[in-house]
Amino acid sequence: MRNSLLIAATILLILIISIFLKGNQKSLEKLITPATPITVEITPSPTQSPMPTSYNKSTDLKKELDSVNPEVKDSDFENLKNLLPLL
Amino acid sequence: MCFKIILFFVFLTLLNPLTAFARVTPNDIYQAKREQFKTDLEKIFNPEKKQNIQKADKMLSEINQSVCDRFDMDINKLSAILEEEKFRQQVTKTVVAYGQGNTPLDTAAYYLNYAAEANAFQKVQDYTPQIANGKNLAGGVNASISNLKSNLQTVKGKILRAKTEIKKAISYYEK
């Protein structure tokens, strides 16, 4: 009777540990791959054009800001779309 | 005897697949997609179509890189503008972690950092067309184009948000 109880308790303990470890694995994965950025230094890649150095106290920064216009152009995809009828 | 039984069950725990620590990484997913693509290519018997789909696959990657490089230039310019504003306001350090900074410059730096990370993440994305055993060439490429456009628009949105925050910071300090 005592032995049976001991074996049953061991099996239960092992199951609990397995569930706990599986849950921990998921938590660990969430820790390793954070969803939000924390702190990063922004440095331009050496292959990119260097940051403009002509800014000084008299530079109109708002005007410079207005010249920044990120775009996804249709012309970027033109050659690829021309290939589609050939597929 | 009991102790041996307990040891046996503990040993079973180590073999239990529930506690396996192997993870599927993004690289595993990428490799699986490329393998599937190569397998599907072998099923295309028309050599011209085979060449064209390979060309399309390469072009998807090139378009992603060229647009991201253009975004990089915008981000670099925004960064330079922000640095100039910080210099003018004699701000020597910026807290980037969201929630800890409480100035317009901190907020601008956070969103600019967020945009830069999003662009870096976008550069390494894969757009291998899913060509379904060589039977859905145009459909697979179209789906990849839509996916790529959508993701690039998302990055564009983040850059524009950073631009807005920098503009707010400049307006705040240079009234």
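**The tyrosine cluster**

Modeller: Tyr114(B) is partly exposed, with a relative accessible area of 30%. Partly exposed lies between buried, under 20%, and exposed, over 50% (1.4 Å probe, protein chains only). This is a predicted model, in which local features need pLDDT of at least 70, side-chain atom pairs count only at pLDDT 80 or more, and totals for chains, interfaces and linings use all residues, while side-chain values use heavy atoms, without hydrogens or water. Residues are numbered from 1 along each chain as its sequence is written, with chains lettered from A and ligands numbered from 1 in the order in which they are written.

Tyr110(B), Tyr111(B) and Tyr114(B) form one aromatic cluster. Rings of Phe, Tyr and Trp (its six-membered ring) pair if their centres lie within 6.5 Å; planes under 30 degrees apart are stacked, over 60 edge-to-face, the rest tilted. Over all chains, the whole structure holds three aromatic pairs. The rings of Tyr110(B) and Tyr111(B) are 5.0 Å apart at their centres with planes at 80°, so this pair is edge-to-face. Tyr110(B) and Tyr114(B) are stacked: 6.0 Å centre to centre, with 15° between the planes.

The helix sets the spacing. Tyr110(B) and Tyr114(B) both lie in helix α4 (residues 104-123) of chain B, four residues apart, about one turn of the helix. Helices are DSSP runs (H or I, at least four residues), numbered from the N terminus, as are strands (E, at least two). An α-helix has 3.6 residues a turn, so residues three or four places apart point the same way.

Now the cover. Tyr110(B) counts as buried, at 9% relative accessibility. Tyr111(B) is buried as well.

The charged end of Arg161(B) sits over the ring of Tyr111(B), 4.1 Å from its centre. The test asks for NZ of Lys or CZ of Arg within 6 Å of the ring centre and within 35 degrees of the ring normal. Elsewhere, Lys149(B) lies over the face of Phe77(A), at 5.2 Å from the ring centre.

Last, the setting. Chain B has five helices and zero strands. Of its 175 residues, 39% are buried. Among contacts in chain B with a separation of 6 or more, 75% join residues 24 or more positions apart; contact means heavy atoms within 4.5 Å.
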